[in-house]
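Take a look at the sequence and the model, then read on.

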Amino acid sequence: MRKVTRRWLWLLLILPVIAVVGFVIWASITPAPMPKAEAALQSDDLVRVETDTWLQFVPISGEARAGLIFYPGGRVDPRSYAPMAHALAAEGYLAVITFMPLNLAVFGINQADGVIAAHPEIAHWAVGGHSLGGSMAARYVQGAPSKVDGLLLLASYPDVDLSQLALDVVVVYGTRDGLATVEKVEGARSLLPASTEWIEIEGGNHAQFSWYGDQVGDNTAEISHEQQQAQVIDAGISLLKRVAA
């Protein structure tokens with residue numbers, strides 16, 4: 001009986017360890033960024049790319065008029081959002097993509113605090129994110145409404161009530177998204193300010209909000225990656241122009 005009891009005790013001790021290790025391994029495995037994303041990580045005549053603390057895309061000509069802090073989607077390599085961030089910086093805005101613990105923004109909701117503290121020269125900020133990253137960016141806004149002026153949600157929706165905040169919000173979603181479906185996104189309208197801008201990308205899916213390839217559970221897009229990204233970038237620039245004004 002004692003031997004049996006000891007075996008059960010060891011099993012009870014080992015199982016949680018196995019579960020934690022398994023979770024860490026699962027969270028650490030992300031799709032590799034596509035070549036388009038790798039290319040956007042290079043500095044050029046308009047944008048300086050820094051990759052130490054965060055992925056920072058800094059306009060070379062003049063001071064940035066405003067900044068966007070972007071939270072990656074769940075188990076997505078932050079580098080996969082480099083083309084969007086590079087394009088925003090080329091228009092004169094600081095764009096910062098944060099690294100998340102275990103590649104899950106739920107463990108890094110307050111990452112924006114460090115970015116804001118590191119850039120006192122930026123007077124106006126927007127935060128945003130893709131999928132899970134967008135939902136966690138919304139939670140950040142709820143906890144620190146005085147620090148940001150705008151919120152950019154890509155294939156995402158809040159799980160907290162932001163409807164009474166003086167906040168410029170843009171929601172961009174695809175009609176072919178198999179994960180953040182049209183019904184789920186539009187079902188969160190009551191949680192966002194009445195002034196929220198809703199941009200529906202006809203034929204866009206979930207994965208093409210970034211550059212990491214296909215995603216399980218998603219639908220096939222009916223427009224090209226470039227066409228969807230162009231609409232995403234336009235939405236981001238429009239938001240940042242208003243935030244900077």
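This is a predicted model: local features need pLDDT of at least 70, side-chain atom pairs count only at pLDDT 80 or more; totals for chains, interfaces and linings use all residues.

## Helix α7

Helix α7 covers residues 225-244; helices here are DSSP runs of H or I with at least four residues, strands are runs of E with at least two, and both are numbered from the N terminus.

Residues are numbered from 1 along each chain as its sequence is written, and side-chain values use heavy atoms, leaving out hydrogens and water.

## What covers it

Among the buried residues of α7 are H225, Q228, V232, G236 and L240 (buried means under 20% relative accessible area, with a 1.4 Å probe and protein chains only). Their cover includes α3 (82-90) and the strands β3, β5, β6, β7 and β8.

## Meeting α3

The axes of α3 and α7, lines fitted to C-alpha atoms over the stretch in contact, come within 10 Å and cross at roughly 45 degrees. On the α3 side, P83, M84, A87 and L88 make the contact (heavy atoms within 4.5 Å); on α7, the partners include Q229, I233 and I237.

## Loop residue S163

S163 sits in the loop between β6 (150-154) and β7 (168-174). Because its relative accessibility is 17%, S163 counts as buried. Beyond its neighbours within four places in sequence, S163 is in contact with S190, L191, L192 and P193.

Technical notes
Buried means under 20% relative accessible area, exposed over 50%, partly exposed in between (1.4 Å probe, protein chains only). The expected span of a helix is 1.5 Å times one less than its number of residues. Axes are lines fitted to C-alpha atoms, for helices over the stretch in contact, and angles run from 0 to 180 degrees between N-to-C directions.
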